[in-house]
Amino acid sequence: MIINKYKMRNNIHSVHLSGMGCSAGLIAVELAGNLLRVGPRDAQALVVSTETLTPNYYAGNERAMLLPCCLFRMGAAAVLLSTSPTNARFRLRCTNRTLTAADDSSYQCIYQKEDDQGNKGVNLSMDLILVAGRTLTANITALAPLVLPVSEQLLFALSFIREKLLSGKYKLYAPDFKTAFQHFCIHAGGRAVIDEVQRSLSLSDVHVEPSRMTLHRFGNTSSSSTWYELAYIEAKGRMCIGDRVWMIGFGSGFKCNSVVLECIVPPICNVDGPWASCIQRYPMGIKSC
């Protein structure tokens, strides 16, 4: 539909990532990055992230399957990636994907099925937050060596050695990711999800403000929510050259995906951005969201 609407060339390579859940947007960034690395010089890739509710409408009465109809809202965002530094605003530093589908509880915590009356819908398990925290921990373990400064890695290594030598009498040191990132874009999947990530990473209310305000203003727009959050940071004038952004997306499967961006050009005031008409009202009371 996008290619037809904008009359794009007939030699464009189109890839449709369906069924990837709320983390599809960040998966697409990784895929686009890999395609650009083997593509011609100055190649471009357009990543479109969207939440389309209509095909997943549930007509039954099961409470756990009605919940997605209350949580999600329609939303979309588009990002242009290129191998050329011309007009680039961010540099893609690294990506990391974690999939825990081999575990039954992870695989079934967000699961499409039929209820007793044959109505198809998506069931959200009570284990969702526990699974999300466990998958985030696995993702952090793989990402940490790529982004943390040497001092934090050394503290963790010493803590790990002490814990092994003393038979688990001491708790492992939790790395401080605030030493590696200035901004955090956490998938706005719900208040409980944001609370869990904030607790796990020991983030302040200011760090999770973009996620909470995005949830308040736009709801859970699935894979596009992290881009709304990035737009919030820019609209607030908080992005500076050299700042690093950690984008965290969760999705069914269960998946946790990370994208790390580095600002190389200060943002330009976007009068047509999603926050243009309301940014002056935010942040609202964080605790009330």
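Helices (H or I, at least four residues) and strands (E, at least two) are DSSP runs, numbered from the N terminus. The structure is a predicted model, in which local features need pLDDT of at least 70 and side-chain atom pairs count only at pLDDT 80 or more, while totals for chains, interfaces and linings use all residues. Residues are numbered from 1 along each chain as its sequence is written, and side-chain values use heavy atoms, with hydrogens and water left out.

**Exposed and buried leucines**

- L165 lies in helix α6, which covers residues 150-165, and L165 counts as exposed because its relative accessibility is 66%, where exposed means over 50% relative accessible area, buried under 20% and partly exposed in between (1.4 Å probe, protein chains only).
- L143 lies in helix α5, residues 128-147, and is counted as buried because its relative accessibility is 0%.
- Although L143 and V259 are 116 residues apart in sequence, their C-alpha atoms are 9.8 Å apart in space.

**Cysteines**

- A search of the whole structure finds zero disulfides, a disulfide being a pair of cysteine sulfur atoms within 2.5 Å.
- C94 is in no disulfide, and the nearest cysteine sulfur, that of C256, is 13 Å away; C94 counts as buried because its relative accessibility is 16%.
- C185 is likewise in no disulfide, with the nearest cysteine sulfur, that of C263, 12 Å away, and C185 is buried, with a relative accessible area of 0%.

**Pocket and cavity**

- The second largest pocket has a volume of about 1,300 Å³, where a pocket is an open set of points on a 1 Å grid over the protein atoms alone, with protein on both sides within 12 Å along at least five of seven lines, and lining residues have an atom within 4 Å of a point.
- Such a volume is the space filled by probe spheres set on the points, which are joined across faces, edges and corners.
- Of the 40 residues that line the second largest pocket, the closest to its centre are V79, L80, R89, F90 and W227.
- β2 gives the most to this lining, with seven residues, and α2 (24-37), β2 (75-82), β3 (90-99) and α9 (225-235) each supply at least two.
- About 40 Å³ of space lies in the largest cavity, a cavity being a set of grid points where a 1.4 Å probe fits but cannot get out.
- The residues lining the largest cavity include C22, H187 and G249, and the elements that give two or more residues to its lining are α2 and α9.
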